[in-house]
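Please inspect the model before reading the solutions.

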Amino acid sequence: MSEMTDFDKALASLEGINLARVAGRLTRVTGILLECVGCRLAIGQRCQVEQADGEMIDAQVVGFDREITFLMPFKHPDGLIAGARVFPSEKESEPPVGDAWLGRVVNGLGEPIDGKGRLGGDTPLPLQLPQINPLTRKPVHEPLDVGVRAINGLLTIGKGQRVGLMAGSGVGKSVLLGMITRYTQADVVVVGLIGERGREVKEFIDNALKSAGMAKSVVVAAPADESPLMRIKATEICHSIATYFRDQGKDVLLLVDSLTRYAMAQREIALSLGEPPATKGYPPSAFAVIPKLVESAGNSESNGSMTAIYTVLAEGDDQQDPIVDCARAVLDGHIVLSRHLAEAGHYPAIDIGQSISRCMSQVTEKSHQQAARIFKQMYADYQAIKPLIPLGGYVAGADAQADRAVRLSPAVTQYLSQDVEHCAEIPQCITELEALSRA
């Protein structure tokens with residue numbers, strides 16, 4: 001048989017061309033929810049919706065009701081008209097990730113927003129949350145130095161641990177995250193700024209991260225004016241980026257600010273779909289997504305590690321807030337920031353009495369643990385006695401343990417305080433803590 005001519009090849013290639021493109025129709029827009037009919041779309045599938053000027057906006061399928069499919073746009077749905085065409089996407093494009101992402105700022109779709117050009121990479125970045133077999137997780141057995149004395153000494157974090165940073169508004173969460181980012185011994189830091197004020201993105205990069213921290217960081221930003229779907233995608237892509245670097249054998253620190261905004265974004269989507277509110281206005285799905293997100297972080301069978309710190313906004317400084325309570329139950333520890341300490345000028349405003357690291361016993365020596373217990377006992381004793389001192393209710397010599405707590409209270413306060421520009425490494429923190437416990 002003779003070889004195919006160029007004409008035969010051209011004819012054969014026409015067989016693979018779709019002569020018709022399936023499209024649905026936009027029938028209704030209600031707030032952030034779009035309704036479409038006329039084509040089959042699967043939950044989670046991407047699609048493009050035509051605007052009045054012919055441009056396309058990206059959306060994702062979030063639900064359906066009989067023949068009606070519900071879509072959620074990634075950006076604000078301006079310029080849409082009734083009957084606009086909806087084209088399903090065959091396959092999601094996964095942005096390539098690599099070391100070139102370090103020092104860059106991206107949005108929830110992995111697109112650069114820092115004006116520094118395209119992102120390079122050689123590995124497709126999964127846009128779905130990574131799943132880890134619990135039997136293949138490496139145990140947490142090595143401490144991670146975060147450069148903050150109160151955490152290193154009393155609430156030691158291990159490589160692979162997931163920790164919550166619980167606080168009300170305006171008590172120093174962002175400043176503390178900036179300190180951790182700059183001073184940590186992790187190889188790579190992934191920062192997710194989710195649902196916060198837009199001006200804080202630039203300020204966090206310039207003032208908190210600075211050039212030293214930014215050089216080893218990837219920042220994912222989805223400010224409060226972004227759509228709830230974009231905020232959710234930004235939170236999830238943070239975990240995918242951190243997973244990539246962890247699987248490269250690096251020690252990764254993931255910082256998400258904040259987990260509450262992620263739950264709020266899920267609440268917006270669920271309520272728009274008609275899901276009933278359950279607790280404090282949150283529907284059940286808002287609590288279901290938090291464990292799924294948290295479990296995608298942590299160690300795997302790879303040689304690297306992935307430590308995660310999530311800030312959780314305690315509305316009205318209520319530590320029984322439903323999102324705070326849900327996060328506390330699924331995380332490996334929590335660090336509580338106190339408004340009372342912040343108002344007194346004590347920074348970082350960490351309340352060690354309400355905070356705990358569930359992995360500290362796995363990553364520290366017995367002598368360190370003993371010194372930390374003695375320190376916390378002295379701190380608790382002084383807090384109990386402190387209100388009585390101005391009233392004359394405390395008499396020196398009646399209780400040796402109380403006398404020691406009062407005598408060492410200035411040293412205890414000094415140990416817990418730290419200047420923003422000062423880095424406290426773990427060996428130094430342990431030495432000072434053990435000396436204080438023997439005083």
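Two exercises on this predicted model follow, each with a worked solution.

**Exercise 1.** Determine which residues of helix α13 are buried and which elements cover them.

*Solution.* 
1. Within α13 (residues 409–416), the buried residues are Ser409, Val412, Tyr415 and Leu416.
2. These residues lie on the same side of α13, because they cover an arc of only 120 degrees around the axis.
3. Exposed residues Pro410 and Gln414 are carried on the face turned away from that buried side.
4. The cover over the buried residues includes α2 (149–154), α11 (366–385), α12 (400–407) and α14 (426–438).

**Exercise 2.** Characterise the salt bridges Arg162–Glu295 and Arg328–Asp325 by their place in the chain and the exposure of their partners.

*Solution.* 
1. In the pair Arg162 and Glu295, the closest N and O atoms are 3.4 Å apart.
2. With a relative accessibility of 8%, Arg162 counts as buried, whereas Glu295, at 39%, counts as partly exposed.
3. For Arg328 and Asp325, the closest N and O atoms are 3.1 Å apart.
4. Both residues lie in helix α8 (residues 322–330), three residues apart, which means a separation of about one helical turn.
5. Arg328 is buried at 17% relative accessible area, while Asp325 is partly exposed at 40%.
6. Finally, salt bridges with shared partners join Arg137, Arg162, Glu295 and Asp332 into one network.

Key. Residues are numbered from 1 along each chain as its sequence is written. This is a predicted model: local features need pLDDT of at least 70, side-chain atom pairs count only at pLDDT 80 or more; totals for chains, interfaces and linings use all residues. Side-chain values use heavy atoms; hydrogens and water are left out. Buried means under 20% relative accessible area, exposed over 50%, partly exposed in between (1.4 Å probe, protein chains only). Helices (H or I, at least four residues) and strands (E, at least two) are DSSP runs, numbered from the N terminus. The arc is that of the directions from the helix axis to the C-beta atoms. Contact means heavy atoms within 4.5 Å. A salt bridge is a side-chain nitrogen of Lys or Arg within 4 Å of a carboxyl oxygen of Asp or Glu.
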